Amino acid sequence: MRIQEHPILSEYDKGREVHFTLDGEDMSGYEGESIAAALHANGVMIHRYTQKKHKPRGIFCAIGRCTDCVMIVNGEPNVRTCITPLEEGMTVETQYGASTKADWEAKQK
C-alpha cells in the first residue's frame with residue numbers, strides 16, 4: 001500500500017525509516033515521503049472529520065489543492081499532509097473540524 005510516486009512531488013529518495021505518532025499510536029514511514037503516504041502505508045484512510053456534519057475525509061487530490069487531508073501536525077492544525085514531508089518524531093493527530101478530538105468532544109456537550 002505504499003505510494004511510490006507523487007504527481008507533483010515526483011519521485012523521492014527513500015530516506016531512512018523514521019517513527020512518528022498518530023493519535024498517540026506509534027507508526028513508521030520513510031523520511032521525505034509525505035505524511036499522507038506514510039499514513040496510507042500504515043492503513044490509515046481517515047485524516048479528519050468535517051466541522052458541521054462530522055463526515056470523514058482522507059486523501060483526495062494528493063497535490064495540496066484541497067483540504068481533505070489536513071491534520072494537526074506538531075500542534076499546528078490544517079497541515080496538508082499530502083505535501084508535507086515526514087520527519088522523525090512528528091506528532092500527527094486526526095483533526096475534528098479545526099480541533100483535536102478532545103476539544104471537539106468538549107464542545108459537543
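Reply: Ready. Keep in mind that this is a predicted model. Start at a strand pair: Val73 stands opposite Glu76 in S6.

Me: How do you know that S5 and S6 pair, and in which sense?

Reply: Two strands need at least two bridges to count as paired. S5 and S6 have three bridges, and their sense is antiparallel. So they meet the two-bridge requirement. The hairpin they form has two residues between the strands. Asn74 there has a positive phi near 50 degrees.

Me: Gly75 lies in the loop between S5 and strand S6 (76-80). Why is Gly75 called exposed?

Reply: Its relative accessibility is 55%. Exposed means over 50%, so Gly75 counts as exposed.

Me: How far is Gly75 from Val92, in sequence and in space?

Reply: They are 17 residues apart in sequence. C-alpha to C-alpha, they are 8.0 Å apart.

Me: What does Val92 touch, beyond residues up to four places away in sequence?

Reply: Val92 touches Phe20, Thr21, Leu22, Asp23, Ile35, Met71 and Ile72. Each of these counts because a contact means heavy atoms within 4.5 Å.

Me: What makes a group of residues here a nonpolar core?

Reply: Members must be buried, of listed types such as Val, Leu and Phe, and joined through side-chain atoms within 4.5 Å. The largest such core has 14 residues. Phe20, Leu22, Ile35, Leu39, Leu86, Met90 and Val92 touch the most other members. Strand S1 (17-22), helix H1 (35-41) and strand S5 (70-73) each supply at least two residues of this core.

Me: Which strands are the edges of the open sheet?

Reply: The order is S4-S3-S8, with mixed pairing. Strand S4 (56-57) and strand S8 (95-96) are the edge strands, because each pairs on one side only.

Me: How do you know that strand S3 (residues 48-49) pairs with S8?

Reply: They share two bridges, in the parallel sense. At least two are required, so the pair counts. Arg48 stands opposite Gln95 in S8.

Definitions and conventions
Residues numbered from 1 in each chain as written. Predicted model: local features only at pLDDT ≥ 70, side-chain atom pairs only at ≥ 80, totals over all residues. Heavy atoms only, no water. Buried < 20%, exposed > 50% of the residue type's maximum accessible area, 1.4 Å probe, protein only. Helix = DSSP H or I, 4+ residues; strand = E, 2+ residues; numbered from the N terminus.
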